[in-house]
Every structure is written in structure tokens, then in C-alpha cells.
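User: I would like to go through the labels attached to this model and see what each one rests on. Please set each value against its cut-off.

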Amino acid sequence: MKQNRKKDIIRSVVMDDFKIISWEGLVEAAQSVLTGSDFFPEGKETAISVGGFDGPHKGHDKLLRQVLTYAAENTLVPGLVTFFRSPAAVKNKAYSGDVSSLRLRLKKFQELGFHFIVLIDFSASFAKIEGTAFFDILIKTIRMKYLAVGSDFFCGYRRGLGVDDLKKIAPQKGFCFDSIDPVNRGSLKISSSAIREAVRLGDFSLAKELLGYPFLFDFVSLPWEVKDKNSIFAPKAYISQILPQSGKYRVLVQKTDRQEQEAHCLINDEGLLLCFPEKDSKAFELKDLNNFDTIEFICKE
């Protein structure tokens, strides 16, 4: 059920010029006679970054632009290696939720100009992969020729491979490498953790400033229940994104045709209740939930 849901989300955003590759597919290819030509036509080589990219946010901007610029200047295919969900969601029981859903992240990556994504479903077996083995698979399969990561990057078993190691192995393994310093807002490091805290506290202006766009809650990812002609409900057990604290909030609901409608959102321990003004009930067919896309939180009431 979980895997089917992921496939549905991916299918909803895939376009002809945007390829989604599973990590399992790369591992299988690395163990066979397949090469990067099976993933990209004419044996093209790639420029990538690796990270969680939850948001993505302003702290990622310089890093992502660097990959796109280098790819354009060197005729490489730009891509990202990331996760279905942040590894913190698996490793940290106190994890408060994702800044963005997989669907919204993929849409953002497409809009930025990336041509492919390698998606990793973080697991205990994946966590045991040595960092060098991880990059050997990327070199062999997607023909990685350029890598840029944050200066605080670590990966592999017990975080065994860092930026200093990558600087040493890059010339040996035939790829170019850059590390990008973190971005700060005054004394605050721009990070998904800072954005999660801003959303939790209902500081949506700060969240917008750190993201570079409004915090958006993904309507599509939830199994909504129609309560009456004016309200729908989503149980908390299905919510993986960060939510503000319990209370009543004014929100904007955006439909797939980009039209917006003001509504109220009630958040409690049971879940999220979305209520439309009664005077506007005829403007929406609440049973046709496929018309809804995202929810933007405006303020607490």
C-alpha cells in the first residue's frame, strides 16, 4: 500500500523531460552489464548534488544553482540524489514532520530545471553502505562527472565520508567536486529545522523568508473525508508534513487551475479540519477533491 502510494505521487508529477530513477534500479544496474547509457541517451554524463533538500529552501539556492550552471557550461545532465523522506524521519522518533511533501519537492526540482532525480527509500540496509561504494554506484550508472554538496556534508556508514574525503577521491575517480558553505539569515542558519520550527510556532512570514516562497501544505497527499458541504477532514496518522500547533488558522486553498479560496483550518490531536465559508459552498464541489492542490497558511485566529 505504501509503495503504491509513492508510485501514484511520482506519476502525478513526472513529465517527459524529467526522469525519476530508483536507487534500487541503480544498484541493479551496477551489478549487471548495464551502464549509464541505459539511463540517458547517447551516453551523456551528469552533474549532481546529494542531500535531503526538504523544502527546498533558500539555503539550497546557491548549491542547486551551482549544479545547474556547471551542467549547462559543460554539457552535462543536471540531477539530484535525494530521499523519499528525510532520514531523520526514520532515525529520530521526535521528528516533527517534513517541510514539504515528495510531490511538491519534485515539482519544485522540475521548475528549477533539473532533468532527473534519483530517489532513495532510506532503510537499515542503505544506512550500511560505505560512502565510497555509494559514489562508485553513481559513477558507474549515471556517469557522475560533477558533484556539489554542502560544506557540512557527510554520508555513508556511520557518516564515514565527508567533504575532505570527497576532495581527495574526486581526481582519483574522475569527477570534479565543489563544496558550498551554509547560508545564514543574520545569526540564523537557513535550514529545514529552522523552517519546521517557524511553522510549528505559526510564524509563516519567517517560514516564507527562509523558504523563498510560502509554506505550502500538500492537499493531494492525504485521504480526505467529506464531513458536510462545507468541511473536509484528514486524520493525523496520514500527515507527514510539519503542522503548526493546535488551533484555528486562516488559510488559502489553491486549486489545480491556480484559483484560490479563503478557508479556515482547525488543527487538533485528531487531525486537520478544513472549513469553507458557507456562502462559498456552491463554489466548490467538495466531492471532487481532485481539483485541490495546496493549502497556504496565512495566520492564526
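Analyst: A residue is called buried when its relative accessible area is under 20%, exposed when it is over 50%, and partly exposed in between. The model is predicted. By that rule, Phe 134 and Phe 135 are both buried.

User: What makes Phe 134 and Phe 135 an aromatic pair, and why is the pair called edge-to-face?

Analyst: Their ring centres are 5.0 Å apart, and rings pair if the centres lie within 6.5 Å. The planes stand at 80° to each other; over 60 degrees counts as edge-to-face, so the label follows. There are 17 aromatic pairs in the structure. Phe 134 and Phe 135 also belong to one aromatic cluster together with Trp 23, Phe 83, Phe 122, Phe 126 and Phe 153.

User: How do you know that the charged end of Lys 108 sits over the ring of Tyr 213?

Analyst: The distance from the charged end of Lys 108 to the centre of the Tyr 213 ring is 4.0 Å. The limit is 6 Å, with a further condition of 35 degrees from the ring normal. Lys 108 is listed as sitting over the ring of Tyr 213.

User: Why is Ala 124 called exposed?

Analyst: Ala 124 has 57% relative accessibility, and exposed means over 50%, so the label holds. Ala 124 is in helix H6.

User: Which label does Gln 110 get, buried or exposed?

Analyst: Gln 110 counts as buried because its relative accessibility is 16%, and the cut-off is under 20%. Gln 110 lies in helix H5, where Leu 102, Arg 103, Leu 104, Arg 105, Leu 106 and Phe 109 are buried as well. Gln 110 and Asp 17 are 93 residues apart in sequence, but their C-alpha atoms are 8.7 Å apart in space. Just after H5, Gly 113 has a positive phi of about 115°.

User: Why is Ile 232 called buried?

Analyst: Its relative accessibility is 0%, and anything under 20% is buried. Ile 232 is part of strand S13, residues 231-235. The C-alpha atoms of Ile 232 and Leu 274 are separated by 5.3 Å, although the two are 42 residues apart along the chain.

User: What makes strand S2 largely enclosed?

Analyst: Five of its five residues are buried, so S2 is largely enclosed by the rest of the structure. Thr 46, Ile 48 and Val 50 are buried on one side, and Ala 47 and Ser 49 on the other.

User: How do you know that S2 pairs with S3 and S5?

Analyst: Two strands pair if there are at least two bridges between them. S2 and S3, residues 77-83, have five bridges in the parallel sense, with Ile 48 opposite Gly 79. S2 and S5 have three, also parallel, and there Thr 46 has Met 144 as its bridge partner.

User: Why is S5 called largely enclosed, and which strand does S5 run parallel to over five bridges?

Analyst: Six of the seven residues of S5 are buried, so S5 is largely enclosed by the rest of the structure. Five bridges join S5 to S8, residues 176-180, in parallel; Val 149 stands opposite Ser 179 in S8.

User: What lines the largest pocket?

Analyst: The largest pocket holds about 1300 Å³ of space. It is lined by 43 residues, and the closest to its centre are Gly 51, Gly 52, Phe 153, Phe 154 and Arg 159. By class, the lining has 21 nonpolar, 13 polar and nine charged residues.

Technical notes. Residues are numbered from 1 along each chain as its sequence is written. This is a predicted model: local features need pLDDT of at least 70, side-chain atom pairs count only at pLDDT 80 or more; totals for chains, interfaces and linings use all residues. Side-chain values use heavy atoms; hydrogens and water are left out. On a 1 Å grid over the protein atoms alone, a cavity is a set of points where a 1.4 Å probe fits but cannot get out, and a pocket is an open set with protein on both sides within 12 Å along at least five of seven lines; lining residues have an atom within 4 Å of a point. Grid points are joined across faces, edges and corners, and a volume is the space filled by probe spheres set on the points. Ala, Val, Leu, Ile, Met, Phe, Trp, Tyr, Cys and Pro count as nonpolar, Asp, Glu, Lys and Arg as charged, and the others, Gly among them, as polar. Rings of Phe, Tyr and Trp (its six-membered ring) pair if their centres lie within 6.5 Å; planes under 30 degrees apart count as stacked, over 60 as edge-to-face and the rest as tilted. Buried means under 20% relative accessible area, exposed over 50%, partly exposed in between (1.4 Å probe, protein chains only). Helices (H or I, at least four residues) and strands (E, at least two) are DSSP runs, numbered from the N terminus.
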